[in-house]
Amino acid sequence: AGQMVYNGGATRLQVQSADLERKLSAEGERATASDLGVSAARAYLGMQLAAERVRVAAEALRSAEASLS
């Protein structure tokens, strides 16, 4: 079996680099999940706002029609 020859700390740096890449990837996943949550909340609130605008427009139409009668 061969013995490991000192490589100037390259192995240690590779391990540290791999650990940082793993942490960066995990943080990216968390950010993506957060962005999706925000997008879903905006879409839901936008839908509620649109529904309310339709309700108000329908009420305004009924009121205008009543005024013409």
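**View A. Arg55 and Glu52 pair through their side chains.** Arg55 is partly exposed, at 46% relative accessibility. This is a predicted model. The partner of Arg55 is Glu52, and their side chains form a salt bridge at 2.6 Å, N to O. Glu52 is also partly exposed, with a relative accessible area of 36%. Both residues belong to helix H1. They sit 3 residues apart, so about one helical turn separates them. Side chains of opposite charge can pair when their charged atoms come close.

**View B. A salt bridge links Glu59 and Arg62.** The N to O distance here is 3.0 Å. Helix H1 holds both Glu59 and Arg62. The spacing is 3 residues, about one turn of the helix. Glu59 has a relative accessible area of 40%, which makes Glu59 partly exposed. Arg62 is partly exposed too, at 48%.

**View C. Asp19, Arg22 and Lys23 form one network.** Salt bridges with shared partners join these three residues. One of the contacts is between the side chains of Lys23 and Asp19. Their N to O distance is 3.3 Å. Lys23 and Asp19 are 4 residues apart in helix H1, so the gap is about one helical turn. Lys23 has a relative accessible area of 45% and is partly exposed. Asp19 is partly exposed as well, with a relative accessible area of 29%.

**View D. Tyr44, Leu45 and Met47 make a nonpolar surface patch.** Together the three residues have about 340 Å² of accessible area. Leu45 is placed in helix H1, which runs over residues 10-68. Leu45 counts as exposed because its relative accessible area of 52% is over the 50% cut-off.

**View E. The structure holds 5 salt bridges.** Among them are the pairs Arg55 with Glu52, Glu59 with Arg62, and Lys23 with Asp19. Arg55 and Glu52 are 3 residues apart in helix H1. Glu59 and Arg62 are 3 residues apart in helix H1. For Lys23 and Asp19, the spacing in helix H1 is 4 residues. The network of Asp19, Arg22 and Lys23 is built from salt bridges that share partners.

Key: Residues numbered from 1 in each chain as written. Predicted model: local features only at pLDDT ≥ 70, side-chain atom pairs only at ≥ 80, totals over all residues. Heavy atoms only, no water. Patch = residues over 30% accessible without salt bridge, like charges linked within 9 Å, V, L, I, M, F, W, Y side chains within 5 Å. Areas by Shrake-Rupley, 256 points an atom, 1.4 Å probe, with all protein chains shown as cover. Salt bridge = Lys/Arg side-chain N within 4 Å of Asp/Glu carboxyl O. Helix = DSSP H or I, 4+ residues; strand = E, 2+ residues; numbered from the N terminus. Buried < 20%, exposed > 50% of the residue type's maximum accessible area, 1.4 Å probe, protein only.
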